[in-house]
Amino acid sequence: MQAAESPGAQPHAELAQARIDRVFPEADTVSEPKGDYGVRTIAAGEEVLGYAFQSLNVVNIPAYSGKPVNMHIILDTEAVIQDAYVLEHHEPILLIGIPEQKLHDFNAKYEGIGVNQRVVVGRSRDANAVTVDAVSGATVTVMVINEIVMRAAHEVAVSLGLIDAQAATAQKPARVREEVYEPADWAKLTGNGAVRRLRLTRGEVDKAFEGTEAEGVDEAGPQEVDETFIDLYATHLNPPTIGRNLLGENQYRFLMEDLEPGEHAIGVFGRGEYSFKGSGYVRGGIFDRVQLRQFGESISFRDRDYERLSDVYAEGMPDFDEMAIFIVREHYQFDPGSPWTLELLVRRQTGPVSSIFTSFELPYQMPEQYIERPEPTAEEIAAAEEANRPLWVNIWYQKSFQIGVIVVALLLLTVILFLQDTFTRRPKFLHWLRRGYLIFTVVFIGWYALGQLSVVNVLTFAHSLFQDFRWSLFLSDPVIFILWVFTAASILLWGRGVFCGWLCPFGAMQELINEASRKLKVPQYELPFAVHERLWALKYIILLVLFGISLESMSAAEQAAEVEPFKTAVTMKFDRQWWFVLYAALWLVISIFTRKVYCRYICPLGAALAIPSKFRLFDWLKRRKECGDPCQLCAKECEIQAIHPDGRINANECHYCLDCQMTYHNDNKCPPLVNKKKRRAKGKKKAPNEYIPVVQIAEP
């Protein structure tokens, strides 16, 4: 198969061509991209097989990375999706993480789905919707892809005339109001739209064939261009006001008695030199000059669907050369309340056995007073609301359970932080509470809700500020959004330590491993403070390098961000290539002997959070004048060495574990408090004994 060359040929041409060959192996030509959407027509000889286009030419919906996914979509002539394939994406979870084959397997589910159908990822209250399962770990991405595919396919199908822009296949058909009747003449029926008209001159028909092989065939002369080619009228005869006035009482009653439930009678009247009936139905039983179209579906008529009409009774009705009644059978599921079109096909002979057709449309919409639209049920209203909601809102509904649990957990953490003086006076309880919270962070926030924040989020946000900022992009993952909002607020109040010490799943993993190793008496090792202090700079250097790479290529930055083991250990649950697993496991093994080494020296996300920590509003961690000189207890006990030898707590490095505050309030451990307690005890011992008078009782 050969595709027409175009100076502006789209990228991914070879892959797109391979998809076309797979879907339509019999095709021999593919046109160049045409129209606003760059649609390519696929044909075999003179027969059109389908249409291909790239979604980026139709819709621009950003995915989780902040950039759109470009899909190659193929439709057949019935507006049914035959193929949807990813040409390009920038999703970090798919660039290095989930195998792309899972995404291709997901996209394969669109084959055979009509563009007017509704597709929902996950669960839906719409019983008429097509539901497809999400890709585990990439739910947001596939929900965006679903919207891209269905919206782009629908837009292109409408632009090509494959479907009616107002068609809604899920709605219940309207009911003809058989009880409504009023006398009406021809003028009234044409005036209120009950009867619609299409008049064509010979010149208009000639113009329609310009540029084709039929140009000049049977062309009208200069004096004939304004002559009537056909004067065509169409109406829906089922409503009594239309049918009884046109056909008369008896003829209308006989017609309605012959119709089965769900069948509809269409009246067609014509005059002029062109016959809308033609002679094809005599030879083959099919009328080849008229057909109906509704919801993109063509309704053809056979001889059994035709009734000759000779007597009409509406006052003022003109004389017609031919009149007919065509029956729309019940299997078409015709909706009298939705627009439909009567198509008039005009053929011109271009050779002994070849000809060219063109069509003219007579649109029809039933007047509202003749129909009754069904009241939607509560379920249908809910489904319609769901369908009309923005994508990010539907994602929030899909993840309502995760959102609820995380909001409750964050409220609990807020209580702990605001009442930290109360909790730190009960160190045993707080230690167990913190361990439970860290387990929750790993299992629920990390492995279940996939709520691991990443430096990629920071880079995406920074770029969006200077490019195309859209709240919908960040709202598309509710768990990540909620965690970021809480983290931003906690940075202003407490610094970076709240996230790093309580809400980072990978950090929680390291801390729990180290906690267990200490319980098992595994030897612990720490670097000298001078070396430790200088190694802090590493994470800031890594952050600057990643930001510099992102200025050149966000895709390259996303791959370089694999310096974070988060995706392997949390998002993918170690289900990756061995080298990624080895890298993540290495940091966890180091945590057995030294607490949170990765967090202290390497983590670019921690560096990014530490920068705005300079602007925190409060200093909630309490210190005494003796801290650092002479007391060094907290500095030695701080398991991530965030306390300087002089007693200062470095808020940029503190993980807010509150261990130092438990010591601060412990009068059996904090040296200044211990000394005060001893002085009080000595003072009590030196105090004089109270005088107790002795009463002597005389003997009798």
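Me: Which handedness does the crossing of α7 and α8 have?

Reply: This is a predicted model, with residues numbered from 1 along each chain as its sequence is written. Local features need pLDDT of at least 70, side-chain atom pairs count only at pLDDT 80 or more, totals for chains, interfaces and linings use all residues, and side-chain values use heavy atoms, with hydrogens and water left out. A crossing is left-handed if the near helix is turned anticlockwise from the far one by less than a right angle, and right-handed if clockwise. For α7 passing α8, the crossing is right-handed.

Me: Which residues of α8 make the contact with α7?

Reply: Contact means heavy atoms within 4.5 Å. From α7 come Pro240, Gly243, Arg244 and Leu247. Their partners in α8 are Glu249, Gln251, Tyr252 and Leu255.

Me: How many residues in the contact of α7 with α8 are charged?

Reply: Ala, Val, Leu, Ile, Met, Phe, Trp, Tyr, Cys and Pro count as nonpolar, Asp, Glu, Lys and Arg as charged, and the others, Gly among them, as polar. Four residues of this contact are nonpolar and two are polar. The charged ones number two.

Me: Are α19 and α24 parallel or oblique to each other?

Reply: Helices here are DSSP runs (H or I, at least four residues) and strands are E runs of at least two, numbered from the N terminus. Axes are lines fitted to C-alpha atoms, for helices over the stretch in contact, and angles run from 0 to 180 degrees between N-to-C directions. Helix α19 (residues 505–519) and helix α24 (residues 578–593) pack at about 40°, with axes 7 Å apart. Under 35 degrees counts as roughly parallel, over 145 as roughly antiparallel, 65 to 115 as roughly perpendicular and the rest as oblique, so α19 and α24 are oblique.

Me: How many charged residues are in the contact of α19 with α24?

Reply: On the α19 side, the contact includes Phe506, Met509 and Ile513. On the α24 side, Trp587 and Leu588 are among the residues met. By class, there are eight nonpolar and four polar residues, and the charged count is no residues.

Me: Which residue joins its side chain to that of Lys539 in a polar contact?

Reply: Lys539 is in helix α21 (residues 537–552). Lys539 is buried (under 20% relative accessible area; exposed is over 50%, partly exposed in between; 1.4 Å probe, protein chains only), at 0%. A polar contact is a pair of N or O atoms within 3.5 Å; within protein, one must be able to donate a hydrogen and the other to accept it, and residues adjacent in sequence count only if both atoms are side-chain atoms. At 2.9 Å, the partner is Glu653.

Me: How far apart in space are Leu342 and Leu198, C-alpha to C-alpha?

Reply: Leu342 sits in strand β17 (residues 340–349). Leu342 is buried, at 1% relative accessible area. In sequence, Leu342 and Leu198 are 144 residues apart, yet in space the C-alpha to C-alpha value is 9.7 Å.

Me: Is Gln333 buried or exposed?

Reply: Gln333 lies in the loop between β16 (322–328) and β17. Phi of Gln333 is positive, about 55°, although Gln333 is not a glycine. With a relative accessible area of 67%, Gln333 is exposed.

Me: What is the relative accessible area of Leu658?

Reply: Leu658 is in the loop between α27 and α28 (659–664). Its phi is positive too, near 75°, in a residue other than glycine. Leu658 is buried, with a relative accessible area of 2%.
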